[in-house]
Every structure is written in C-alpha cells, then in structure tokens.
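The exercises below ask for a close reading of one model, and each is followed by a worked solution. Please look at the sequence and the structure before starting.

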Amino acid sequence: MQPFAIIALFLILARVITELWLSRLNQRHVRGQANEVPHALRGMIDEATYRRSIDYTLVKGRFGDVANLFNSVVLIAVLFSGVLPWAFRKFGASFGTSIWAMAGFLFFTGIALSMLALPFAWYAQFKLEERFGFNTISINTWMLDRLKGFLLAALLGYPLLALVLKLIEWAGANWWLWAAGVIVAFQLLLLLIAPAIIMPLFNSFTPLPEGALRERLFGLAQRTDFPTRSIEVMDASKRSRHSNAFLTGFGRFREIVLFDTLVVQLTEPELESVLAHEIGHYRKGHVLKLLGFSIAGVFVAFAAIGWLARQQWFHRTFGFEHQESFAVPNVVSAMLLFGLLAGTIIFWLSPLIHIWSRRFEYEADTFVGATMGEVESFIGALRKLGEKNLSNLTPHPLYSAFYYSHPTLLERERALRIEV
C-alpha cells in the first residue's frame, strides 16, 4: 500500500473510532443523569419530558453509530477497492472524455453515493422521528422532495460541473482560480434566487398576518435598522414538529422566515427575542464573516484540487491513471477523491470551527438583551425550544465540542444572566 494510502486509511479509521468513542461517552454521560432532572434544569422541564429527551438522545446516538459505521465502511471500500478507477475507465470507454461526459461521471457518482444513504434517511424520518412524535411528512411527499432535489441537481449542478471543467481548456493552469470564482458567484446567486424560486418548491410561504405580532416584529426590524422585505411563515409542520427561524436572501431581498410550529409554541415577546437573536447575527457582522469564510474555503479547496490534479503519486495511490499532460481526467479524479477525503479533514477541525461559531452565538445573545432591555423572554424561548425539540440538555463537554455549533442551553442561560 502506498504511503499516502496508509495515512488516509489511518485518518479515516481514527475518525470513525473517535466518533464512536465520543458517542458512547455522551450516551454514558446522559444515561448517568437519567434518574432525575438535574438541579440546574428543575423548574425548566418536567420529569416526563426530560426522560423523553434522554430517550430521544440515546436512540439518535445509537442510530448515528450504525450510520457512521456504514458510511465509513462505504468510504473505505470506495477509496481502496479500485471500484472508482474501474468505473472511471468503463465510463470513459462508453461515453468518451469530453467535458460533458466527465461532468456526467462526477454527477452520477455523487448521485450513486448519496443513494446509499437513503435507507438511513428513511429510517430516521419514518421510524425514529415518528416514534417521538416529530414526523408529519407522508412517504409520497418525502419521495417527491428527493425527486425535486435530484432534478435541481441535474438542472443546476450538472451544467455547473461542466462549466468548471471547461475552464481548464480556457484558463489552463490557473483554471482553479477561475473555477473558485464561478462557484462563489453561483453561491451568491443562489442566495438571491433561493427564497423566490427554490425554497417554494418544497414549502409554502405566506406573509405573517396583520396584527400585534406583525407590528411587533416589524417594529423590531425598524429599530435595529434591519432591512427586510417581509416576514414569512413557512409550513414546516407539513414535514416535522421541530421548530426554528432563520434569515434568508441577501441585501434588499432579505426575508425573515418563521416556522409555523415556532409561531404556535412561543409567545409574542419570545418570538421577538428569537428574531432579535437572528438580527444580532446580521448587526454584528456574523453573516458577512461566515460568507467570507465560506468564500475563502472555496478558493482553498480548488487550490488544493488544482495542486493534487498535477500529482502523479496522488492518482496512483487510489488506482487512477495520471496523464503526462495537464488534462481534464486528472482534474475529475482529483475533484472526486478530494470530495471523499475532505469530510475526514473537516472533522478534526470541527472543534476549532465551533469555538468561532459559539462566540458568534454569545454575541447575538448579548444583542438580544441590549435590544429587548431584558433577557427573560429569550431565556423562556430557549427553554421552550429545548423542551419541544427534546434537545440533549446535558451533553458531554467533549461531544459538544465536536458536534455543537451552539452553546448548550445552560451555558447560554448563564451567560445571559451575567450580562444583566
């Protein structure tokens, strides 16, 4: 086995072992507090709901272990069995090595790998979520969602892949720089068109009805100098009883979206505080910082792909042929292999990324207190969201570091009370 193959295999195995260890560590930690509601949570959640949240956490943890093992076995098999270079040669022999053919290989390989996860997605939705009363989607709607996702990928993703590969002919060795620019431009375009074109394909959006709540939320947007075209209510209950709120769009096309489940669960002051938190991300510059981080990540990824495409050892490590001249097939195999290996690298970086993300959450929470003049409404909203969504209220700190982009409920509540 090639030296880099040994390194890659070691990192993948180390990742899956670490994931299983973290999951079991978290499950033991949660199970150890299952007999009674911890003192810090008393008065916040009743015993029956707390026990259901424990059960939900443990069931999801065990299911996640099985899914992680399966995904790791598939990843190792795909990378080291020789099936990818074999499929690449067969595809090239049948369809040639034109730009559209090579883009097709990438597209259909991605679709084939994603289909392996469908049974797990189905089980999570119709067994696990159903068991705890969250699932509201029908099997027909679930299948239709995936069909729509495939058609969108075919209409948008496939031509985009072809354009990226065409840049190799147009720009030569600097293709990766232009490709990264094209991907970034496409992402920014999606930010503009998604609320009006893509999201309505999956959910219905209706303006928040006239009344006290609408006046309160628009008043909040006005006094925080937050530009928004409208406040929309999304029919999230069509698929799940989970609740959330988010901002979408860009610039003057920005919209506030509330899940209909959230509108039902929270009082008007609590909804205002949740929206103040989301606006806090905008006012503190988090949205632009995250966008900048994402853009930088795209350029770093394509720079890495551009470099790997020229490395003979990289291709031969995984059984691909490397053409002597700069060629599209080299880039295609490099893109595919990079995509398969990137998740393992990102996993080891996730605690650092989450430190940054949590800092943003604390800053947005502080903005709520400054804007509302009190924090009790937001604390009440966080408690209800934790209760209604059966959140893991007592995760192990190490598990939280790897998997939680937000601070835990108790961490946020302590920080909010200190601010007062």
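Contact here means heavy atoms within 4.5 Å. The model is predicted, and local features need pLDDT of at least 70, side-chain atom pairs count only at pLDDT 80 or more, while totals for chains, interfaces and linings use all residues. Residues are numbered from 1 along each chain as its sequence is written, and side-chain values use heavy atoms, with hydrogens and water left out.

**Exercise 1.** Determine where Ser53 lies, whether it is buried or exposed, and which residues it touches.

Solution. Helices (H or I, at least four residues) and strands (E, at least two) are DSSP runs numbered from the N terminus, and Ser53 belongs to helix H2, residues 47-80. Buried means under 20% relative accessible area, exposed over 50%, and partly exposed in between, with a 1.4 Å probe and protein chains only. Ser53 has a relative accessible area of 3% and is therefore buried. Not counting residues up to four places away in sequence, Ser53 touches Leu390 and Ser391.

**Exercise 2.** Work out the strand order of the open sheet of four strands, and follow its pairings.

Solution. Two strands pair if DSSP finds at least two bridges between them. The order is S1-S2-S4-S3, with mixed pairing, and the edge strands, each pairing on one side only, are S1 (205-207) and S3 (245-248). Starting from S1, three bridges link this strand to S2 in the antiparallel sense, with Pro207 opposite Glu232 in S2. S2 then pairs with S4 in the parallel sense over four bridges, and here Glu232 stands opposite Val257 in S4. Finally, S3 and S4 (residues 255-259) run antiparallel and are joined by four bridges, with Thr248 opposite Glu255 in S4.

As for side chains, Ile231 and Val233 point one way from S2 (residues 231-234), whereas Glu232 and Met234 point the other way, and all are buried.

**Exercise 3.** Find the angle at which helix H4 packs against helix H6, and classify the arrangement.

Solution. Axes are lines fitted to C-alpha atoms, for helices over the stretch in contact, and angles run from 0 to 180 degrees between N-to-C directions. H4 (residues 99-115) and H6 (residues 139-171) pack at about 135 degrees, with their axes 8 Å apart. Angles under 35 degrees count as roughly parallel, over 145 as roughly antiparallel, 65 to 115 as roughly perpendicular and the rest as oblique, so H4 is oblique to H6. The residues of this contact divide into 15 nonpolar (Ala, Val, Leu, Ile, Met, Phe, Trp, Tyr, Cys and Pro), one polar (the others, Gly among them) and two charged (Asp, Glu, Lys and Arg).
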